[in-house]
Amino acid sequence: MHGFGFDAVHDEICVMSPLAQAVLIFRGAANGEEPPMRVIQGPKTRIQGTAYEANDKVTVDPVNNEIYVPTDPTPNGILVFDRTANGDVAPKRFLGGPDTQLRGSPAVAVDPVHNLLLVNSGDAMLIFDRTASGNMKPKAVIRGPNSGMGRISSFQVNAQRGLIIAGGRDGFIGAWNITDNGDIPPRWKIPVQQLTGYVASGIALDPAHKEIILSAAGQRIRPVRGIMNTVITFSWPEIF
Amino acid sequence: MLSGMGLRLHGRTRTLVLGGGLAFAAALLGLSWVVHFHSRGSARLISIEEAPDLGDSCYRPASASLARRDSQRGLFAEFGEDTVHAQDASSTVSLARPPVRDILDTAPIYSSVGVDVERNEVFLQDSNTWSVRVFSRMDNAKPGAPPTEPRRVISGPKSDVQFNSCVYIDPANGDVYSVENDIGDSIVTFPHDATGDPEPKTKLKITHRGFAMMLDNENQELFLSVQYPPQVAVYRKGASGDEKPKRLIIGNKTRLSDSHGLAIDTRNKLLFVNNWGNISDWQVPGSGRFEPPSITVFALNADGNTAPLRVIQGPKTQLDWPGAMSVDPGSGDLYVANDMGQSLIVFHGKDEGDAAPARVVKGARTGLSYPTGVFVDAVHKEVWASNLGNSTATVYPLMANGDVAPLRIIRSAEENKASLKFGKTQALVYDPIREQILVPN
C-alpha cells in the first residue's frame, strides 16, 4: 500500500485493496477486523493495475466528495468515483491519454479551493483543472533540474496557502506554489535525506501543529542508524 | 531608504511598504510599507501596496503575499511585460532543522524462522534492520534476563538482505536461503557459517512479491510462492542470476489467490500453498474479488494451470492471514503460522473443505504475537514460531495444543515488548480528529 487517504470531513479512511482491484472505505475509528462500510469493486469500475504495482494508491477529496484511483497500464490514467459509491459502479469520469503525460501509478492530490488536480507522474508535477476529463493536457507542469521535482508515493496540497508539498530528487521535501509552471524551484525545502539519512516516501500535514509527518522505509538506501522503517515529524510553520 | 507618507503612482496614492531589512528599519520608525522588486536584473520598484497594521511585528501574513502577486500581475500588464514569477535555485530557502519527533522500533521485527537441526542453530529473519540473526537452538531468555545475544548476524549492503520474508536452511548442507519480498526481488544464499556483510553465494532474480520457499532435495528443486500474480515458481536447485523457473503453477484453475506460505511433503509428494483470497487478473479491468483464505494442495510435480487436488477453506479452519507453513514429515501434519489468528494451527495432511484444525496453539501463555514464521524440527520433536509482534521466537513440543507455555524463548528486546510491527513504512495519513498517525504495514 503506497498511498491512501483520510477524510476528516466525513471521518472515513479510504484505502485500496491492491490485489483485489477494490477501494475500501472504513469508519475513521475502525479497529481490528472491522469490515469496510463501502467497497467499490467490479467490472464497471474499470479499476486495473499492473502485475508489479497492482493498484497501490487512492486519494479522497472530502470537499467535492470524490475518490481518485490511478489506473495502469491501459488505459493509463485516473478514474474518479463518487465518494459514496458502493459496489460495482462506473467512474464519474476518467482522465487519461497521451496528452495528459500520465505514466505508471502516480500519486494524486486535490486542491478544492483552487479546483485543481495535481499528479506527481515521473519527475513532474502535472496540474490539471480538478474536473479535467479525457485526453487533456495539464495546464501547468513543474519539472526540470532547477525545480528538483522528484517522485514520491504520496504528497499534499495546502490549499489555503496554495502550496504543493512534494518530494525532490535529492531526498528533500519541497514546497512549490500551485501557480508554478516550468522549471521552478521550491520556495522552501527541508533536506530530509541529508538531515536524517532517510528518503521520505509519504507526506501528511498537521496544520494545527504546523508540522509535516513523513513515512520513510529503506529503499535502496540504507539509513546509517540501521533501522529501515520510521515515521519522522518536522516543524514547518512557514508552509501553514 | 525610502520614507514618506505616500507615493503617487498612476494617479493613485499608496503607502509604500518595505520588505526585509528595510522593513525592520521602517518598523522602528513606525512606518509600514512593502516594496516589491523585479527579480530580473537590477532591483527596481514594481509595485506598492498598503500593509495591514501589524504593530511592531515584521511578520507579513499570507494575504499580503497574495495581494503582492495580484499587484505584480496588474503592474506588469500596465507596463506590457509578461507576468514573472521567477525563482532561481538560490531563492529556495533550505530549512536545515532537525526533526521534532520520530517513531521507530529499534528491535528486530521477525518475519520468518528457519532451523539447522544438525548444527542446532535457529535463524531469524528481521525485516526492520535488514538482517538474519543466528542463535543457539537451546537459547532461552528467562524472565528478567537481558535480550538473547545472537551468535552471528548477516547484514549489510553486500549481503543484499532487505525486506526479506523467508529464511530457509537447506537440510542437506546448512546453506542459508533468504527471500526478498519487495524491491530486491531475489533469493540470496549464504554458507551456514556466514556472518557480517558477506557477498551471497548465489543470487537468483525472482518475480516481484516472492514470499516463501522450500527445497525438494530429492528432485533438486526450489519452490517459491508468489503473492501476485499468484503462482508457484519451481526452479532448479542452485539456480542463479536470471535463470528462469522450470515450471510455473499459475492460472485461474489453480485457485491461488494472494499466495503466502508454502510447504512440501516429499514423502506423499504434495505441495501446500496458503492463500489470503485477494484475487484479480491484472490484465482485465474490474476483475477483482475477495475469497475466503484457503490452503490449496497440489501434486508435487504440478505444472501450469492445474486445479488443486483439494482445498482447505471455510470458517472452521480459523485461517486468518496465514503465513509460513511447515510439514512434519513423519505424520504429514501441516503446521501454519496464523498471523492475525495469533495462533499456530495444525491440519492433517489429508484434510479438505471446511476442516477444523486438529490442534491449535493459542493463548496468553503461549507468547505468540502475530506469528508469521513456523518451522517443524522433526528431529527434536519441536515446532518453532517467529513472532512479528514481540521480537521473539518461541518453541513448543511438536504435539502442543491449547494455551501452552513455550519450552524456550529467544527474545531480542525487553520482556513484554510490543513491537511497532512496521513491515515497510511506505505510506501514512494524519487523522486530525483523533490526532493520530495511521501507518499501513
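# A tour of chains A and B

Start by colouring chain B by pLDDT, the predictor's confidence in each residue, from 0 to 100. Chain B averages a pLDDT of 84, and 80% of the residues score at least 70. This is a predicted model, in which local features need pLDDT of at least 70, side-chain atom pairs count only at pLDDT 80 or more, and totals for chains, interfaces and linings use all residues. Residues are numbered from 1 along each chain as its sequence is written, while chains are lettered from A and ligands numbered from 1 in the order in which they are written. The model scores ipTM 0.97 and pTM 0.85.

Select residues 1–88 of chain B. Over this stretch pLDDT stays under 50, and the model has 95 contacts for it beyond four places in sequence. Two residues are in contact if their C-beta atoms, placed from the backbone, lie within 7 Å. Where pLDDT is low, the predicted coordinates should not be read in detail.

**Chain A**

Select chain A next. It has one helix and 19 strands; helices (H or I, at least four residues) and strands (E, at least two) are DSSP runs, numbered from the N terminus. The radius of gyration of chain A, taken over C-alpha atoms, is 17 Å. Buried residues make up 55% of the 240 residues. A residue is buried if 20 or more other C-beta atoms lie within 10 Å of its own, exposed if 12 or fewer, and partly exposed in between, with C-beta atoms placed from the backbone.

**Where the chains meet**

Show both chains. In this model 68 residues of chain A are in contact with 54 residues of chain B. Strand S19 (229–235) of chain A gives the largest share of the side of chain A that touches chain B, seven residues. Three bridges join S19(A) to strand S6 (residues 101–103) of chain B, and the two run antiparallel. Two strands pair if DSSP finds at least two bridges between them. Zoom in on A:Ile232, whose bridge partner in S6(B) is B:Asp102.

**A sheet in chain B**

Select strands S11 to S14 of chain B. They form an open sheet of four strands in the order S11-S12-S13-S14, with antiparallel pairing. Strand S11 (164–169) and strand S14 (202–205) stand at the edges with a single partner strand each, so one side of each is left without a neighbour in the sheet. S11(B) is joined by five bridges to strand S12 (residues 176–180) of chain B. B:Asn164 has B:Glu180 in S12(B) as its bridge partner.

**A hairpin in chain B**

Move on to strand S15 (residues 210–216) of chain B. Six of its seven residues are buried, so S15(B) is largely enclosed by the rest of the structure. Five bridges link S15(B) to the antiparallel strand S16 (residues 221–226) of chain B, and B:Met214 stands opposite B:Phe223 in S16(B). Four residues lie between the strands of this hairpin, where B:Gln220 takes a positive phi near 55 degrees.

Finish on B:Val226, in strand S16 of chain B. Is B:Val226 buried or exposed? B:Val226 counts as buried, with 26 C-beta neighbours inside 10 Å. Leaving aside neighbours within four places in sequence, B:Val226 is in contact with several residues, including B:Gly210, B:Phe211 and B:Ser259.

How values were computed:
Rg over C-alpha atoms; globule rule 2.2 N^0.38 Å.
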